[in-house]
Amino acid sequence: MFKSINPATGEEIAAHAELTDEEVDAKLARAADTYRQWRTTPLSVRTELLARIADRYEADKARLARTATEEMGKTYASAVAEVEKCAAAFRHYAEHGPAMLEPRTFRLANGGTAEAQWQPQGPVLAVMPWNFPYWQVVRFLAPTILAGNVGLLKHASIVQGVAELMEEMVLAAGGPEGLFQNLAIKSGAVERIIADDRVVAVTLTGSEGAGAAVAEQAGRNLKKVVLELGGSDPFIVMPSADLDKAVGQAVKARIQNTGQSCICAKRMIVHADIYDAFLDRFSAAMKAVKAGDPMDPASDMGPLSSFGQRDTVLGQLDEAKRLGAKLLVGGEKPDLPGAYLTAGILTDVPLDSPFANEELFGPIAMVFRAADIDEAIRIANEVPFGLGSSVWTDEPGEQQRFVRDIAAGMVAINQMLASAPEAPFGGIKRSGHGRELGPFGLHEFMNLKAVYRAAGDAAGGAGVE
């Protein structure tokens, strides 16, 4: 059984049965059968389903949000916002997806044409984490349905209630049986599913270790894989920035989801000229962050996802202090029954220490001083991750330099980084490869088929490039 434990209270709220091997095989067979029908379903039918799923998420957002809050501890307000974002993503692909699938025709030197078409490939397995239990899945699910593929979900064990609700939403919107199925399995069962000939590709959001294991398994079976892994995103503040706005967004960017986000700003890199002023204001703001009941609107953040996750962060803090870092504020267990931790700040973290290369998955910020833009970029890039980044400067030349030289998949200018259905999402280095969202995420698991036609064929003409 997979047990759902409310991290705000430590109480068990539900138990979910693990699938047997026979049940998994039955779901794989259903996925393959459904794909054979869904791949030829008219695009208009697919987009209408996406719109109805969006309606279901909006209509049921209170129930969906409460389940996420109870299972992994995010504030109810942020859970509602996550569900609403999911609805927006389904609607985005419903409205704009057909244009993303328009074929393109190219004129050849021999007088003929070649048409590039996007076609579905089959069942796609998603291995997903608990931190954004709806949004991480929808980033794969919405384009999967639009593409004509079908989805299989191996969700994190602590959010099986969310996984069951997501399958329910697709069925309630009129999706066929087998279009999207939750697989209540342990991580050890993933390898067998990747090896199954009925599964054509795999996408994973999670840790480096999980990503490396899944990539190895996918490579062994010659299957496409998209990986969205960890991050230690820099938040760089230069003298020309609006300091009050930068500080306010730095707090939000670090404590959102109790610091449990791959694109949380984890390393604040501040120009020496404004370092002291930034640190004074940032420290005061982090001290004021209220950790409490995630159902209470007055709480700025809830507990960490589990007591084990809190212990991991506390262990990292102990290691940082052993290496010479200073815990300036926070990083303590408050007098609350759940897996809570106060928002904290680390300074004087040795850049050459192993700890500087770790991802802190909790509400603890590291603050670094940079003498100039060159040192800020060097500190930003001296980690094995390359997911996102946020830069704060009103100087156009500095903005261009950061965009060019920060080694990351995403750069946000004078704002905290956030994903959007319209734009590509993903990273480089040990933060993974491939992209989600926008047309790029849609095309990742589709067959780009070239259709060649002889000169004079009637299919040429308008739109030829």
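Modeller: What follows describes the sheet, then its helices, then the cores. This is a predicted model, in which local features need pLDDT of at least 70 and side-chain atom pairs count only at pLDDT 80 or more, while totals for chains, interfaces and linings use all residues. Residues are numbered from 1 along each chain as its sequence is written, and side-chain values use heavy atoms, with hydrogens and water left out.

The open sheet has six strands in the order β7-β6-β5-β8-β9-β19, and its pairing is mixed. Helices (H or I, at least four residues) and strands (E, at least two) are DSSP runs, numbered from the N terminus. Two strands pair if DSSP finds at least two bridges between them. At the edges are β7 (180-182) and β19 (432-433), each of which pairs on one side only. Inside the sheet, β5 (residues 123-127) and β8 (residues 201-205) run parallel and are joined by four bridges. Across this pair, Ala 126 stands opposite Thr 203 in β8.

Two helices pack on the sheet. Helix α5 (residues 135-147) touches β5, β6 (150-154), β7, β8 and β9 (224-228), and its direction makes about 165 degrees with that of β6. Helix α8 (residues 208-220) touches β8 and β9, with a direction at about 175 degrees to that of β8. Axes here are lines fitted to C-alpha atoms, for helices over the stretch in contact (heavy atoms within 4.5 Å). The angles run from 0 to 180 degrees between N-to-C directions.

Helix α5 has 13 residues and reaches 18 Å from its first C-alpha to its last, close to the 18 Å expected at 1.5 Å a residue. That expected span is 1.5 Å times one less than the number of residues. Of the 13 residues of α5, 13 are buried, so the helix is largely enclosed by the rest of the structure. Buried means under 20% relative accessible area, exposed over 50%, and partly exposed in between (1.4 Å probe, protein chains only). After α5 comes Gly 148, with a positive phi near 95 degrees.

The largest nonpolar core has 86 residues, and those with the most contacts inside it are Tyr 57, Phe 90, Leu 125, Tyr 134 and Val 138. Such a core is a set of buried Ala, Val, Leu, Ile, Met, Phe, Trp, Tyr and Cys residues joined through side-chain atoms within 4.5 Å. Its largest share, ten residues, comes from helix α4 (residues 76-100). Leaving aside neighbours within four places in sequence, Tyr 57 is in contact with residues including Leu 64, Val 83, Phe 90, Tyr 134, Val 138 and Met 169. Apart from this core lies another, of 31 residues, among them Phe 235, Val 247, Phe 278 and Leu 279.

Helix α10 (residues 275-287) has 13 residues. Its buried residues are Tyr 275, Phe 278, Leu 279, Phe 282, Ser 283 and Met 286. Seen down the axis of α10, they fall within an arc of 125 degrees, so they line one face of the helix. The arc is that of the directions from the helix axis to the C-beta atoms.
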